[in-house]
Amino acid sequence: MTGCTPDLAADPAPRALSERLRVVAVGPERVTVLADRAAGCAACASRKGCGTGALAQLSRPQLLEIARPEGLEIRPGDELEVMMGGNDFLAAAGLAYLLPAVTLVVGVSIAAGLGAGDLLSGLVGLGALALGFVPVALMERRGRNVAELQAVAVHPPRVESCHT
């Protein structure tokens with residue numbers, strides 16, 4: 001590719017996911033990028049009926065800080081190609097989506113098994129659901145998933161020319 005910095009990873013990890021994120025700030029050890037949570041929605045076949053996509057469109061883009069790779073000249077406005085291993089992504093998705101759902105089902109099941117009525121079972125389920133989000137919030141606060149992102153290439157901003 002013309003004008004692109006070559007990939008740092010000579011042999012990318014199998015089943016790795018990559019995304020280009022816009023660089024907004026560059027520090028000596030960290031790079032701040034703008035992560036649009038709905039970036040993949042435009043190409044998704046399920047976008048019309050997806051609740052997650054609708055919620056992502058309502059939220060604002062998130063700023064992420066990742067480790068600055070050595071040997072790359074990065075400037076604000078560049079696109080930084082980041083990569084995450086497929087297993088890391090599945091673990092994060094499982095924690096974010098599966099754990100809260102499982103805690104909800106377990107909470108309702110235990111309450112119903114103990115003879116609680118529908119209302120009380122529902123309230124116990126809501127409490128269990130809230131507890132299921134605690135590990136997700138702790139991971140996000142600590143930036144664990146962000147630490148698994150690796151910068152692999154820098155792409156200068158595209159210069160669009162108008163032809164009349």
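Trainee: Which residues have the most contacts inside the largest nonpolar core?

Mentor: A core is read from buried nonpolar residues joined through their side chains. In this predicted model, the largest such core has 15 residues, and Val31, Val33, Ile66, Ile74 and Leu80 have the most contacts inside it.

Trainee: Now the charges. How many salt bridges does a search of the whole structure find?

Mentor: The search finds three. One is between Glu79 and Arg20, with the closest N and O atoms 3.4 Å apart. Glu79 is in strand E4 and Arg20 in strand E1, so this pair ties together parts that are 59 residues apart in sequence. Glu79 also forms a salt bridge with Arg22, at 3.3 Å between the closest N and O atoms. Arg22 lies in strand E1 as well, so that pair ties together parts 57 residues apart in sequence.

Trainee: Is Glu79 buried or exposed?

Mentor: Burial is judged by relative accessible area, with under 20% as the cut-off. Glu79 counts as buried because its relative accessibility is 13%. Its partners count as partly exposed: Arg20 is at 32% and Arg22 at 35%.

Trainee: Which residues form the remaining salt bridge, and how far apart are the closest N and O atoms?

Mentor: Glu73 and Arg75 form it, at 2.5 Å. Glu73 is exposed at 57% relative accessibility, while Arg75 is partly exposed at 45%. Salt bridges that share partners join Arg20, Arg22 and Glu79 into one network.

Trainee: Glu81 is in strand E4 too. What is the nearest side chain of opposite charge to Glu81, and how far away is it?

Mentor: The nearest is Arg20, 4.3 Å away. A salt bridge needs the nitrogen and the carboxyl oxygen within 4 Å. Glu81 is buried and has no salt bridge.

Trainee: Which side chain does Glu81 join through a polar contact?

Mentor: That of His155, in a polar contact of 2.9 Å. Leaving aside neighbours within four places in sequence, Glu81 is in contact with residues including Ser18, Glu19, Arg20, Gln150, Val152 and His155.

Methods
Residues numbered from 1 in each chain as written. Predicted model: local features only at pLDDT ≥ 70, side-chain atom pairs only at ≥ 80, totals over all residues. Heavy atoms only, no water. Core = buried A, V, L, I, M, F, W, Y, C linked by side-chain atoms within 4.5 Å. Buried < 20%, exposed > 50% of the residue type's maximum accessible area, 1.4 Å probe, protein only. Helix = DSSP H or I, 4+ residues; strand = E, 2+ residues; numbered from the N terminus. Lys, Arg positive; Asp, Glu negative; His and termini not counted. Polar contact = N/O pair within 3.5 Å; in protein donor to acceptor, adjacent residues only side chain to side chain. Contact = heavy atoms within 4.5 Å.
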